[in-house]
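Good morning, and thank you for coming.

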Amino acid sequence: MVIILLTKVKLLDPSFSIFLTNVTKMENLKLGNFEELVLLLVGVLCDKAYSVTIVEEYKKQTGKSINISAIHTVLYRLEDKGFLESRLGEAGDYRGGKRKRLFSITPYGRKALDELAELREQLRRQIPPLTIATQN
Amino acid sequence: MNPNRPEPPKWALRFFRWYCRGDRQEELEGDLLEMFYASLNARNLTIANLLFWYNVMRCFRGYAWRKEVSGGRFWNYSIFINSLKVIRRNFKHHRLFSLLNISGLAIGFAAVLLIVIYLHFETSFENFHGKSERIYRLTVHYTSPNGYDTHFARVDADWINDIPNSIPEVEHLIRFQNQETRYVQIGEHKFRQENAFSTDGNVFDVFDFELLSGDPKSALRLPYSVVISEALAEKYFPDGNAMGEEIAITGFWSSEENRYQITGIMKSLPANTHLPVDMLLSFQNEEERSWWAYTYLLFQEGADLATVQSKLEAMAIKRYGSNALEGTDYVFQPLSDIHLHSDLAREIRANGSILYVRVFSIVAMLILILVTVNFMNLSSALFMARAREIGVRKVLGAARRQLIFYSLTESVLFSLIAATIGGGLAFLLFPSFGEMIGVQNLLYPGTLVIGLAASAICTGLVAGVYPAVVLSSLNLVKSMRNITTFSLGKTSSQFNLKRGLITLQFAISILLIASALIARDQFLYLNEKNLGIEREQVLAMTDVPDEVKDKFKLFKDQLSGQAGIAGVTASLEVPSREIRDGGVVTSEGMEENDESAPSMDIQVIDHDYLEVMGISLAAGEPLPESLTYLPIPEFLNGDGVSEYLINQRRAYLLNETAMRAMGWESPEETLGKSIAWSQGEYKLARGPVVGVIKDYHQETLKNKIDPIVFVFEPLWLRNFLVKVETNHMESTLELIEDNWNQLFPQYPFEYHFVDDLYAKLYQNERKQLQLLYLLSGLAMVIAFIGLFGLIVYSLKTRTREVAIRRVLGASFISVVKLISREYLMVLIVSGAVAIPLSYFFISRWLEGFAYRVDVSPMSYMITLGFIGLVLLSTIALQTLKGVKTNPADILKDE
């Protein structure tokens with residue numbers, strides 16, 4: 001609701017580009033489900049987090065396999081949004097002498113994760129306890 | 001690193017590197033490699049390779065793609081203006097090169113433009129007839145077991161007039177009849193009218209003959225109406241309106257004069273038609289719509305050719321019984337195919353040939369390649385000379401793209417200038433070119449200009465890419481420090497693009513020049529071969545009308561013995577023309593319908609024919625004088641001709657081919673045998689063979705000598721031949737004309753020289769040869785310009801080297817040797833490529849002639865020698881220029 005209002009206000013402003021991309025960018029500041037999962041995995045892997053290890057960790061934790069290109073997409077997107085930051089790590093023979101890009105969570109990303117978790121927990125707590133229905 | 005470790009698939013990696021953006025390439029490639037090696041450890045190589053490919057494909061997504069450089073960064077107005085300025089300065093600085101470069105390209109464009117106009121003309125035939133896709137010409141192919149095999153362009157069956165009524169798919173049938181030559185008389189003026197056809201009234205419903213005046217619906221509906229072309233109207237009535245006038249037209253078979261009214265004036269037809277109409281006459285009556293006619297059918301929309309064909313055959317069988325089609329094939333030809341694909345007997349005019357269209361398309365392509373290669377070579381040499389400038393640009397931060405853009409701007413600009421010059425050149429050359437090979441330009445000037453501009457831009461881009469890529473990837477430090485020496489590379493160790501391009505150039509030049517030389521040999525052969533007949537100094541009055549023909553004896557008697565006249569004779573077909581009549585020859589004891597009786601051409605001759613035409617006998621004697629000119633009886637409607645023919649006494653001559661066709665071995669054996677000749681109802685009485693004629697070429701050398709039987713028959717002497725003496729040609733001609741006018745006042749005196757008639761047979765070959773000369777000449781000039789530029793440039797870059805060599809005592813000769821060695825190597829290689837190719841093409845072409853020259857190795861030697869000579873002399877001259885300067889002056893810079 002807030003977002004829609006914002007866009008409406010901005011549309012009135014002549015300096016504002018009316019390209020839809022600006023609107024989608026705003027929405028992208030939210031965390032998607034899969035994005036949240038990858039963000040969590042980066043956190044779990046701590047300073048060893050880069051695409052290949054994330055693929056492995058994902059498989060280990062969820063039991064499902066995933067293609068590396070999916071992870072790449074999400075990692076770069078999260079970095080764009082400011083949830084992740086990255087630096088080039090060490091190179092190794094096992095990767096043909098090419099350096100890897102190591103990712104770590106930014107404080108903003110951590111905060112977003114915490115908020116999401118809190119929201120979930122809060123909502124979960126409000127679910128009435130499960131009772132066994134009786135036939136009377 | 002383990003050196004034995006398998007590599008990932010090369011092409012996958014290459015593909016990845018191609019699409020991947022630079023700033024992410026390292027990490028992404030690392031990821032891919034890491035997974036590849038991991039899967040290599042876990043599985044085997046094949047699976048790892050497949051997985052690698054799979055992953056490379058999967059990574060082909062947005063995040064990995066190249067970032068587009070935004071347009072503004074290298075396409076910038078001020079940079080563009082600046083590059084124009086630099087291009088101008090460079091042009092001034094390297095004036096010679098730039099001019100060579102542009103002029104080579106301009107000549108190439110001019111040549112290609114001319115060929116395009118030629119090709120368009122050749123392929124555009126009949127395009128002005130709006131319904132040309134639905135119009136078919138009906139032709140007939142007759143064969144017989146006797147060896148008779150002729151495919152006629154026209155049809156002689158009268159029942160075809162019924163086709164539009166019997167076959168619903170056919171809308172109209174139009175006959176064009178020119179069985180006889182027409183003579184037109186207007187007041188005092190007499191004209192022999194070619195391209196005059198009797199035709200049907202609905203001709204304008206089928207063909208788009210545009211009437212300037214007159215109504216197409218009614219113009220030819222009434223008998224004795226005539227429609228003439230605009231040009232003809234001007235010729236007949238130079239100062240007045242031709243419309244509605246009456247003109248007198250006399251036919252060929254009778255002296256009867258008919259008066260026709262001009263009911264329409266037709267716009268003169270463009271040259272691209274096989275049916276050049278100058279005069280259309282309506283039929284006098286239904287009977288006239290018979291016998292030989294060029295027959296055109298207009299099909300209904302969507303009608304199927306095969307259906308019409310089978311219905312036509314059914315029609316013939318219904319009329320004439322089941323063997324109506326024996327030895328007779330009716331063939332439909334689409335109107336627009338006639339010019340390039342037909343070439344049958346009795347075409348209205350000589351056709352073109354798809355072969356030449358193909359050859360010249362290839363030649364146009366070759367010249368375009370030649371020119372582009374030239375341009376590439378010279379531009380890249382030019383750019384190398386400017387390596388320092390490029391280096392500075394790079395240091396100042398020019399991106400690779402910008403440099404490429406800069407170089408492309410330059411080459412496109414040059415190419416456009418060249419196209420302008422080339423267009424102008426073509427414009428100037430076209431009148432004489434068009435006349436030389438008989439071509440009109442039917443393309444709109446706008447189309448030509450746009451086409452030229454488009455091809456100039458394309459050529460500029462193609463030619464500019466190579467130098468652009470080379471220079472933009474130049475090593476920065478190297479290019480700043482020194483100018484690299486330019487040479488073709490030492491040995492044949494590796495493929496070198498520069499050397500490849502020059503080889504290509506040489507090869508194309510050799511191909512064109514050698515082919516032109518051999519074609520010239522053949523052409524000279526055609527014109528100079530001893531034909532077994534003397535064609536000099538012989539006048540021919542061809543296809544004389546009946547009335548004239550019947551008075552031949554009178555004509556002969558009057559002229560013979562007069563001053564300047566060496567002999568007078570006549571024949572059925574004028575030498576040089578193919579004999580069109582033939583029949584079956586039977587020897588003693590043979591039945592007339594015997595299938596083994598050979599079919600032969602018949603040449604009817606006067607007694608003096610052999611002597612006047614210089615034809616020699618292998619044995620025997622000429623036709624005896626005892627066969628005399630008797631008064632020819634009057635035949636009404638052709639009645640009584642066959643009785644007359646069979647009742648005359650006969651004697652025959654055969655040529656050697658005919659003798660062999662009869663199965664006789666020697667002339668001596670042949671003499672005294674008796675033969676008879678027949679064709680349908682026309683039969684000639686049995687008579688002795690009195691002589692055997694040595695084979696001579698009656699017609700074009702494209703065809704083999706046919707068996708010919710010679711006979712005397714005054715009824716059929718349609719061509720008069722007069723041999724004149726060389727001195728006092730003019731007065732002799734006057735004498736003949738006076739005699740003619742006295743005997744035949746109503747017919748114009750027209751004559752040809754027999755040697756001209758023979759030369760005319762090869763008109764098409766002459767045209768093609770001239771075109772080939774022109775093109776190979778141009779190709780040579782273009783190649784020379786390119787070569788010259790390269791040699792000058794390579795010497796320039798090697799000035800210092802040459803100077804040092806000279807200081808160390810090298811002679812002029814050894815320097816020339818040094819420089820020319822690499823070029824001569826290239827020449828030899830390209831000769832090895834071009835000569836077999838040229839041999840292949842030229843022998844295919846020669847196969848079209850029954851009598852031809854052998855492909856002589858001399859032509860190739862001359863070509864190679866000539867190019868080699870040009871090459872060496874260029875190198876020698878340029879080196880000499882360098883040698884004149886003091887080596888110290890060159891070397892003191894260091």
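Helix α2(B) has 21 residues, which at 1.5 Å a residue should span 30 Å; its end C-alpha atoms are 31 Å apart, so the two values agree. The expected span here is 1.5 Å times one less than the number of residues in the helix. Helices (H or I, at least four residues) and strands (E, at least two) are DSSP runs, numbered from the N terminus.

Residues are numbered from 1 along each chain as its sequence is written, while chains are lettered from A and ligands numbered from 1 in the order in which they are written.

Which residues of α2(B) are buried? They are E27(B), L28(B), E29(B), G30(B), D31(B), L32(B), L33(B), E34(B), M35(B) and F36(B). A residue counts as buried if 20 or more other C-beta atoms lie within 10 Å of its own, as exposed if 12 or fewer do, and as partly exposed in between, with C-beta atoms placed from the backbone. The buried residues of α2(B) pack against α4, α5 (68-81) and β2 (99-105) of chain A, together with α1 (10-19) and α3 of chain B.

That brings me to the contact between the chains. It takes 15 residues from chain B and 16 residues from chain A; two residues are in contact if their C-beta atoms, placed from the backbone, lie within 7 Å. On the side of chain B that touches chain A, the elements giving two or more residues are α2 (22-42) and α3 (45-58) of chain B. The largest share of that side, 9 residues, comes from α2(B).

Now to chain A itself. Chain A holds 6 helices and 2 strands, and from the N terminus on its elements run α-α-α-α-α-β-β-α. Of its 136 residues, 20% are buried. Its average pLDDT, the predictor's confidence in each residue from 0 to 100, is 77, and 76% of the residues score at least 70. Where in chain A is confidence lowest, and where highest? The lowest mean, 40, belongs to helix α1 (residues 2-12) of chain A, and the highest, 90, to helix α4 (residues 51-62) of chain A. Over residues 1-28 of chain A, pLDDT stays under 50. Where pLDDT is low, the predicted coordinates should not be read in detail.

A nonpolar core is a set of buried Ala, Val, Leu, Ile, Met, Phe, Trp, Tyr and Cys residues joined through C-beta atoms within 7 Å. In the largest such core, of 107 residues, those touching the most other members include V226(B), L280(B) and Y652(B). Apart from it lies another core, of 86 residues, among them L403(B), F414(B), L452(B) and A519(B).

A519(B) lies in helix α16 (residues 497-528) of chain B. Why is A519(B) classed as buried? Because 21 other C-beta atoms lie within 10 Å. Not counting residues up to four places away in sequence, A519(B) touches L769(B) and L772(B). The C-alpha atoms of A519(B) and Q768(B) are separated by 9.3 Å, although these residues are 249 residues apart along the chain.

Finally, an open sheet of 4 strands has the order β15-β23-β14-β24 (chain B), with antiparallel pairing. Two strands pair if DSSP finds at least two bridges between them.

Key. Predicted model: local features only at pLDDT ≥ 70, side-chain atom pairs only at ≥ 80, totals over all residues.
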